[in-house]
Amino acid sequence: MYLALDTPHAITVAPTIGLICRPRGIMSYCQAPIRQSFDAMKSDLDTIAIVSVACTYPGGCDSPEALWQFLSEGRCALGPAPAQRWPRDLDAPRRGGGRAGGFLDAPFPSSFDAPFFDISPAEALALDPQQRLLLQTGWRALEGAGIAIEPMAGRPIGVFVAISTGDYQKAKLWQEAAVDSFTATGVSPAAAAGRLSYSFGFDGPSMAVDTACSSSLVAIHLARQALRNGECEAALVAGVNALLAPNLFDCLDTMNLLSPDGVCRAFDADANGYVRAEGCGAIVLKPLGAALRDGNEILALIRGSAVNQDGRTGGLTAPSGVAQGKVVARALADAGLASDEIDYVEAHGTGTPLGDAIELNALAESYAKGREATSPLLIGSVKTNIGHLEAGAGMAGVIKTVLSLRHAMVPGHPRLAKPTQHLAWDQVAMRAPTQCTPWPATDRPRRAGVSSFGFSGTNGHVILEQAPLVERADRAPPGAVVLPISARTPVALEEMAIALADWLEAQPRDLRDVAFTLGTGRTAFPHRRVVVGDDAADLARLLRGATSDRPAQGEGAPALQRLADLGAIWASGGDVDWARLCGQSGGRIVPLPGHPFHPQRYWLETSRMAEPALPAPPRPDVLPSRPEEWRALVAAQARTVLGDVHAAPLDLHLPLVDQGFTSLLGLELRRALEVATGRQLPAALLYDYPTLDRMAAFLAGAGPVTSRRAPAPPPQPVADKDFDFLDTLSAAELADLIEREIDR
């Protein structure tokens, strides 16, 4: 029997189904019967696992798989800035140097799926594209980790964001008309981390980290400490950068740091500077024991990490080889490893002559000294492929290294025609392979180091190790499974179904892992569909919209029908404890296709101030007289405040807070209606009249108002005016208002 369920309908449920259904909001976890081959690590509570990776990098590298193919082919994504990236009058470089870089493909930076993250168009316009990248790439990383999002649940998950540049802030301040009540949070680095925690409902540590180019490794180090200290159960760590203005290009060019021809030649004798890049990378960390318990796919282990500072050197921005050697030594000591137990180092490798020379000699002293010439330390730098992501650079290096450990290959290092003469290559056991090279074979796990150095003097180093071999206990023979999928919109649901069908058909799959991932590791959205069966090809056919042509029969028919009944409950909007249902199978989280994004354009020139002029608000002496006219007036003002005047009409009966309104937008709407009507309206307008219909009824005469011709009250500070009404409330009324605010 093969069933597809996607609409609510009447069903008869067997009594045992009640054991699987659960009240909304109750979480349960599957104790999957997974055994780790490295038995000693079972008791090592300090070992941190990387359980998910996501990225958006130049060259179309919008997934780990795409990035690996790009790197293994030795390709390069550096080139001139896209046309119209910044205002035309700023196109000409000040010193004649180039502004080449690693740029993301269009439609970045103007497009973003704001509705997916419950962000109004007005707020989306104010949102730094770095925050947009963090939301979307962070979501992908959480999907890969099997972390379902319940924003009101308050899960103890930490967020650590490496972010340094503020080009969008400069761009908005250039245009005074674009500055609004969302600008502060839209461009704040602190809000970039806080927004992730807010959007996903995480209440673990949340912080933005800025140590310039070492920010990502410092963020990983801090996240690892928080996990080991028990401050959070998992951590989302991300590094981001966006090139939205030419100012910093010119500034760095005056410091002779940028490559004039836009080519990164790390470790080469012709290296002439670094090449800036943009993008975002994110990883999810968990304690190893928790990752094994939760059925996560373990991508790599973090064995050690360290952070230090150059201190007093020849100059604030001058790198220190001594400090670099010390941070490597501390990371090795933290990992409990010797230098010759590291096979590869993903170097900082910026392509500046001074920086490369200092780093190469520090690596030779730290790692290559005393090594056999037959087993040299391999080195490389992802910056030669995609450029230098500055605050996000270390994350790009970590992701490249995780992929290299998994594939047991070291990607070739491009543009190394003539190694720099600042290192005696023939006297040290260290080399940078120019072709994709098999990882050196040893009788121990593969291990690598990753370095990052900030021009502020802060250095970071992380030691990674290949994922341990995880063996499964004996599993029951495969049988029928139920695959629940959901999406925010019907269109997205159909796209997800097709993507999952393609994925199932691509190669043999363990359906129990697929069912476990969909049931326990994906967010349950309102639009839902369920397919039930025991064959991947048939399930793919059902996902594509085919109907079942096999009636229930045979010994397995009753069990199959029970699965179908459970699926019907869930498809109808009910809650089913999929973890309990799938726990018996020993399922694991596997990387399935994610929820699709449907980006729209949100850019400075599309702000409300640049939209075609709307009809002038009615004068106080010609206000509407009929209810439908009042509703039209309120709806028009609401859409203007929301910043989406050309979108579909707002629902008159749905609360505005469910249509993108926040407290700040509620205040803006009240002020707009005061201007349009000549009335003084209550500050609690959005709370007392939460729908457009009720608000329009109030304005039509259902509540007390001042005279239309009443003189304007004396100007007051906005903050005082907004909250004067609190003084008129009784204690009971004030408590009731606070309760409603909390509910909203």
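What follows is a short tour of the chain, its helix packing and its salt bridges.

## The chain as a whole

Keep in mind from the start that this is a predicted model. The protein chain folds into 24 helices and 22 strands. Of its 744 residues, 54% count as buried.

Begin with helix H10, residues 321–335, and helix H11, residues 353–368. Their axes come within 9 Å and cross at roughly 40 degrees. An angle between 35 and 65 degrees falls in the oblique class, and H10 and H11 are therefore oblique to each other. The crossing of H10 past H11 is right-handed.

To find this contact in the structure, look on the H10 side for Gly321, Gln324, Gly325, Val328 and Leu332. Their partners in H11 are Ile358, Glu359, Ala362, Ser366 and Tyr367. Sorted by class, the contact of H10 with H11 contains five nonpolar, four polar and one charged residues.

Now turn to helix H7 (residues 215–228) and helix H13 (residues 393–407), which pack at an angle of about 70 degrees. Their axes are 5 Å apart. Angles from 65 to 115 degrees count as roughly perpendicular, so H7 is roughly perpendicular to H13.

From H7, the contact uses Ser216, Leu217 and Ile220. From H13, Ala393, Gly394, Met395 and Val398 take part. By class, the contact of H7 with H13 has five nonpolar and two polar residues, and no charged ones.

## Salt bridges in buried and partly exposed places

One is formed by aspartate 250 and arginine 99, whose closest N and O atoms are 2.9 Å apart. Here distant parts of the chain are linked: aspartate 250 sits in helix H8 (residues 247–254), while arginine 99 is in the loop between strand E4 (78–79) and strand E5 (101–102), and the two are 151 residues apart.

Glutamate 143 is buried, with a relative accessible area of 7%, whereas arginine 140 is partly exposed at 28%.

Glutamate 505 forms a salt bridge with arginine 544, with the closest N and O atoms 2.7 Å apart. The pair connects distant parts of the chain, 39 residues apart: glutamate 505 belongs to helix H14 (residues 490–506), and arginine 544 to the loop between helix H16 (536–543) and helix H17 (557–571). Glutamate 505 is partly exposed at 47% relative accessibility, and arginine 544 is partly exposed at 35%.

Helix H14 also holds glutamate 494, which is partly exposed, with a relative accessible area of 40%. Its C-alpha atom is separated by 8.5 Å from that of leucine 543, a residue 49 places away along the chain. Elsewhere, salt bridges can be followed through several residues: Arg303, Glu341, Arg447 and Glu465 are linked in a network.

## A buried threonine

Which residues does threonine 517 touch? Leaving out residues up to four places away in sequence, its contacts are Arg522, Arg588, Ile589, Val590 and Leu592. Threonine 517 lies in helix H15, which covers residues 511–520. Its relative accessibility is 0%, so threonine 517 counts as buried.

Terms used. Residues numbered from 1 in each chain as written. Predicted model: local features only at pLDDT ≥ 70, side-chain atom pairs only at ≥ 80, totals over all residues. Heavy atoms only, no water. Axes fitted to C-alpha atoms, helices over the stretch in contact; angles between N-to-C directions. Helix = DSSP H or I, 4+ residues; strand = E, 2+ residues; numbered from the N terminus. Parallel < 35°, antiparallel > 145°, perpendicular 65-115°, else oblique. Left-handed = near helix turned anticlockwise from the far one by under 90°. Contact = heavy atoms within 4.5 Å. Nonpolar A, V, L, I, M, F, W, Y, C, P; charged D, E, K, R; others polar. Salt bridge = Lys/Arg side-chain N within 4 Å of Asp/Glu carboxyl O. Buried < 20%, exposed > 50% of the residue type's maximum accessible area, 1.4 Å probe, protein only.
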